[in-house]
Amino acid sequence: MTATATKDVTPVVLSHAGLDALIAALAVDRQVIGPVRRDGAVVYEPVSSVADLPRGWVDDQAGGTYRMRREGDRLFGYTVGPSSWKRFLHPPKQVLWRAGDGAITPEPIAKERFAFLGVRGCELAAIAVQDKVFLDGPYRDPHYAARRAAAFIVAVNCTRAGGTCFCVSMETGPKAAPGYDIALTEIGGELLAEAGSDAGGMILSAVPTRPATQADLDAAAAGIAGAEAQMGRAINTEGLADLLTDNPDHPRWDVVADRCLNCANCTMVCPTCFCTTVDEVSALDSDATTRESRWASCFTTEFSYVHGGAVRPGAKSRYRQWMTHKLGSWWDQFDMSGCTGCGRCVTWCPVGIDITEEAAAIRSDLEAEGG
Amino acid sequence: MSKPRLGVFKFSSCDGCQLSLLDCEDELLAVAGVIDIAYFPEATRADDVGHYDIAFIEGSVTTPHEAEMIQDIRARSTALITLGACATSGGIQALKNGADTAAFIDAVYAHPEYIDTLDTATPISDHVTVDFELRGCPISKHQLIELVAATLVGRTPQTPAHATCIDCKLAGHVCVMVTQGTPCLGPVTHAGCGALCPGYARGCYGCFGPKETANTASLTAQLAVNGADRRQIHRLLQTFNANAPEFRQEAENHD
């Protein structure tokens, strides 16, 4: 969907029944993906009604820990879990082409049509980052482009922040910036709905709503302000890119290397990490071969392996590369931050390495030295 | 091109990895179509004679006889490939390394005089040059087929040495360590199983042995923070890959 609103659309209010109607309307020609509670976390999977959503569940997050518990009655009281929308737009594996009998056949362009329900501000910003990577420049990914063009985005403005959230620092939330088709904000047992595109406006006009009152708008603003005040983490981005780039030998990199597992979880859960590698899958009984792309990580030896060995042999150089890219050289490469402040890398690191803490440690040491 | 001649040999092991070859089921006929399975006691009656283009070795070297046998097979094989944790790191029987073998034999066997064993169970690579190692207890059928397919077309098999966590995330499993504090060896374990156990809400047992650049010390420190005691951590590391250096050292640190 194009994300341009061509006219002001008056906000409306949806009841849970109205949200059900919205889901049903989206499901007419799309697969609706939304939050579902599974295996102790909220993950993004197909949903068919409000009954599938994690109503009354919230999460407590810290470095290396995530626990769900009951609180209140919100549909979207949870923050962000281990999965992200990149799983759908940029899936873990993608067949690129098949070869056999002397011919190479490109894989047909992806036809999936998704509607994403519950895209948070940090996640919408992450989709914008991947758009830049996959759609701009000379190496456009046609599968991503097709899925992205067909996707309908229902954003949700956060009214609760998690322990590892720092979207305020990264200026990506808790209120979603434009780029959505519809944005929802939970107010009491209802949802304020704002259209962000013509398609969003059309579908909102086709489901049962009531006009929003000033009290509804105030309640939504108060909810978002509440989340803003709850940020679990913060990162000082001022001069950060240069700070990291200019200090490749800072002793803090050794400290983090002692803890880093090189397990790659941070890159797998990161909604902006986009690297892939390719695998050849050979048939046993013919010359048929399939080439598949697969999510790769800069935390593996294979990633920087060239003739004679790996350029980045261990955790020190890998963590430094990853963090400096996210917060620094991403600006040079894509003119934006590679980090949107979602906090996933902090929560899902098995040993709880915290990008905000690492950045602060490097800054404070240098400031203490008068650097 | 004539079909490569394959020999499948068993050393000290449970046979499970060899059986993975028979377990290929749908692919087994295709495998038999491209490879001459010349010696495979689990499947054929043929005698062990002559040269092998490919020798699959299952099991560790645990007896004096095995120490001689592996030299003979190496001399008669072009590519020697080990299958599974026993052949690659020594297997669970390597728990005897460093213990009192004579006392074990006396405790277990009615007639200790019939037992002729070494004091250690060691990987094949301690004895001869190994061309490729397939990890796992047991090996993965998928990786075995990849190994055969890649060998036949002359490319390196794709068996990434990265953490099981990557496969776990590719599969969409929810991390059991982060959500439940479950002790899990996934972050230090070589991928290959497809993150089987975390997919059933269990921690990884480390069946595929250490990954490349495994930081076991950092992981065990976190397992302790999450509530595991020293004995639990020790035992977690003392299973099918007990003799792999990265696991053995950290287990000793938690003795």
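This is a predicted model: local features need pLDDT of at least 70, side-chain atom pairs count only at pLDDT 80 or more; totals for chains, interfaces and linings use all residues.

Residues are numbered from 1 along each chain as its sequence is written, chains are lettered from A and ligands numbered from 1 in the order in which they are written, and side-chain values use heavy atoms, with hydrogens and water left out.

Select residues 16-26 of chain A, which form helix 1. Helices (H or I, at least four residues) and strands (E, at least two) are DSSP runs, numbered from the N terminus. Buried here are His16(A), Gly18(A), Leu19(A), Leu22(A), Ile23(A) and Leu26(A); the term denotes under 20% relative accessible area, with exposed over 50% and partly exposed in between (1.4 Å probe, protein chains only). Looking down the axis of helix 1 of chain A, one finds these buried residues within an arc of 155 degrees, so they line one face of the helix. The arc is taken from the directions from the helix axis to the C-beta atoms.

Next, select helix 3 of chain B, residues 64-75. Which of its residues are buried? They are Glu66(B), Ile70(B), Ile73(B) and Arg74(B). Down the axis of helix 3 of chain B, the buried residues fall within an arc of 100 degrees, so they too line one face of the helix. They pack against strand 1 (5-10), strand 3 (52-58) and strand 4 (77-83) of chain B, with contact meaning heavy atoms within 4.5 Å. On the face of helix 3 of chain B turned away from the buried side are the exposed residues His65(B), Glu68(B) and Ala75(B).

**Aromatic rings**

Over all chains there are 19 aromatic pairs. Rings of Phe, Tyr and Trp (its six-membered ring) pair if their centres lie within 6.5 Å; planes under 30 degrees apart count as stacked, over 60 as edge-to-face and the rest as tilted. Display Phe88(A) and Phe114(A): their ring centres are 5.5 Å apart and their planes at 70 degrees, so the pair is edge-to-face. Phe88(A) belongs to helix 2 (residues 86-89) of chain A and Phe114(A) to strand 8 (residues 114-119) of chain A, so the pair ties together parts 26 residues apart in sequence.

**A loop residue**

Move to Thr272(A), in the loop between helix 10 (265-269) and strand 13 (276-282) of chain A. Thr272(A) counts as buried, at 1% relative accessibility. Leaving aside neighbours within four places in sequence, Thr272(A) is in contact with Ala126(A), Val129(A), Gln130(A), Lys326(A), Trp330(A), Gly338(A) and Thr340(A).

**Between the chains**

Finally, display both chains. How many residues does each chain bring to the contact? Chain A gives 42 residues and chain B 36 residues. The area buried between chain A and chain B is about 3,000 Å², of which carbon and sulfur atoms give 59%. In chain A, Leu261(A), Leu284(A) and Pro350(A) lose the most area to chain B, together 22% of what that side buries. Buried area is the accessible area (1.4 Å probe) that two parts lose on being put together, summed over both.

Technical notes: The expected span of a helix is 1.5 Å times one less than its number of residues.
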